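Trainee: I'd like to learn how to read the features of a model like this one. Please take me through them one by one.

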Amino acid sequence: MVERPSKSRSASLRETQPPDIRGGRRRPRNPAPPTLPFDAMPDRVEPCLALLKPTAPSGPDWIFEIKWDGYRLAVHLDHGKVRIITRGGHDWTHRFPTILAAAKALPVGTAILDGEAVVLDEMGRSDFNALQQALGGRSGKRSAAEAIFIAFDLLYFDGHDFRGLEQESRRHLLEDLISTEADGGIRLSQEIEGDGPAIFAAATDHGLEGIIAKRRGEPYRSGRGGEWLKIKCIQSEGFAIIGYEKSPAAFGGIGRLLLAAMKDGKLSYVGGVGTGFNERSATDLRKRLDKIVVAQPVVATGKKTGVVWVRPALVAEIEFRAWTADQMLRHSSFKGLRDSEDEATIYKIE
């Protein structure tokens, strides 16, 4: 197998990667372009969403990539005009100047790229908290010049709608547009060759968010239909904040956030989180919470004192290791607030 390097991934990950998960194509591509009719460029495409699974699949029918932790975006290019659209359909073009400049430089008239806006740490891993801080927090007004776009699908290109093509064909065409060596504002999400469980184990060893598995022969379908799977090394989900415990010694005066998930169509208390804050994020969060204070808790939490209750209007991204037997979070850590314009959703307990 031939390694397919990418400067968007850290040297440590690249150098220590086991031989059986190196990047590469399983099958040679057909150099002839597909014969397609002309299609009008859609104004917006509902994204294909990955279905969460506990284990990685095996077999030749799957393509594997790293799971990136940022904001899902679609980059629309139309003869020099660029729009950067969030998962919820909001125009955030002005908030990503580096991605905007890189998109304008692409050698294409019309295209729609599907991908993720991320800020990378020194090891080349995506850092959601760093991205949020660069954007100024939830509903912030700043732009994130350090954010880059990791492209993982090509939905439309020069007058042709590619959503009906199989995954592998779309992947080949995307690689023709964005070089595997690209290291600027738009980069290619590398395909990783190997067996799913081995790739997942390596991703876990490197402290990555997880991996994505995609069926080679499937078209692009909006929604969560199972064509794409996500397997997380570290569990991370959105939970509604229903209150906080005060602490004069903690950042922002927040000792612990109280959280809720959805269960049987209504909010259910799932415990709290007291780590993961820094002075900046906690101070901003405290200001937001104090604007939505209510007299009584919105869900039953047992007998608690010294809690400031709030409306469940803010969704926190929480990293956690496991659940207790009574469905409480274990070893949880605050990562940031999900933005409503990024389709913030509250985790559902099945």
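**Reading a predicted model**

Trainee: Let me start with one side chain: is Arg216 buried or exposed?

Mentor: Arg216 is buried, at a relative accessible area of 4%. Buried means under 20%, exposed over 50%, and partly exposed in between, using a 1.4 Å probe and protein chains only. Keep in mind that this is a predicted model, where local features need pLDDT of at least 70 and side-chain atom pairs pLDDT 80 or more, while totals for chains, interfaces and linings use all residues. Residues are numbered from 1 along each chain as its sequence is written, and side-chain values use heavy atoms, with hydrogens and water left out.

Trainee: Where in the fold is Arg216 found?

Mentor: Arg216 sits in the loop between β10 (210–215) and β11 (228–232). Strands here are DSSP runs of E with at least two residues, helices are runs of H or I with at least four, and both are numbered from the N terminus. The C-alpha atom of Arg216 is 6.2 Å from that of Ile63, although the two residues are 153 apart along the chain. A polar atom of the Arg216 side chain also lies 2.8 Å from the backbone oxygen of Pro60.

Trainee: What joins the side chains of Arg72 and Asp114?

Mentor: A polar contact of 2.8 Å. The term covers a pair of N or O atoms within 3.5 Å; within protein one must be able to donate a hydrogen and the other to accept it, and residues adjacent in sequence count only if both atoms are side-chain atoms. Arg72 lies in strand β3 and is buried, with a relative accessible area of 12%.

Trainee: How do β3 and β4 pair?

Mentor: They run antiparallel, over six bridges; two strands pair if DSSP finds at least two bridges between them. Ala74 has Ile85 in β4 as its bridge partner. The two strands form a hairpin with two residues between them.

Trainee: What should I notice about phi of His79?

Mentor: Most residues other than glycine have a negative phi. His79, in the loop between β3 and β4, has a positive phi near 50°. His79 is exposed, at 65% relative accessibility. His331 also has a positive phi of about 50° without being a glycine, and it is exposed at 57%.

Trainee: Which strands does β13 join by bridges?

Mentor: Strand β13 (residues 254–263) runs antiparallel to β12 (residues 235–246), with six bridges, and antiparallel to β14 (residues 266–273), with seven. Leu258 in β13 is the bridge partner of Gly243 and stands opposite Gly272 in β14.

Trainee: Which residues of helix α6 are buried?

Mentor: In α6 (residues 279–289), they are Ser281, Ala282, Leu285 and Leu289. They share one side of α6, because they cover an arc of only 95° around the axis, taken from the directions from the helix axis to the C-beta atoms. Glu279 and Lys287 are exposed on the other side of α6.

Trainee: Lastly, what is the volume of the largest pocket?

Mentor: About 1000 Å³, where a volume is the space filled by probe spheres set on the grid points. Of its 39 lining residues, Arg87, Arg224, Lys230, Lys232 and Glu237 are the closest to its centre. The lining of the largest pocket has 16 nonpolar, five polar and 18 charged residues. For these classes, Ala, Val, Leu, Ile, Met, Phe, Trp, Tyr, Cys and Pro count as nonpolar, Asp, Glu, Lys and Arg as charged, and the others, Gly among them, as polar.

Terms used. On a 1 Å grid over the protein atoms alone, a cavity is a set of points where a 1.4 Å probe fits but cannot get out, and a pocket is an open set with protein on both sides within 12 Å along at least five of seven lines; lining residues have an atom within 4 Å of a point.
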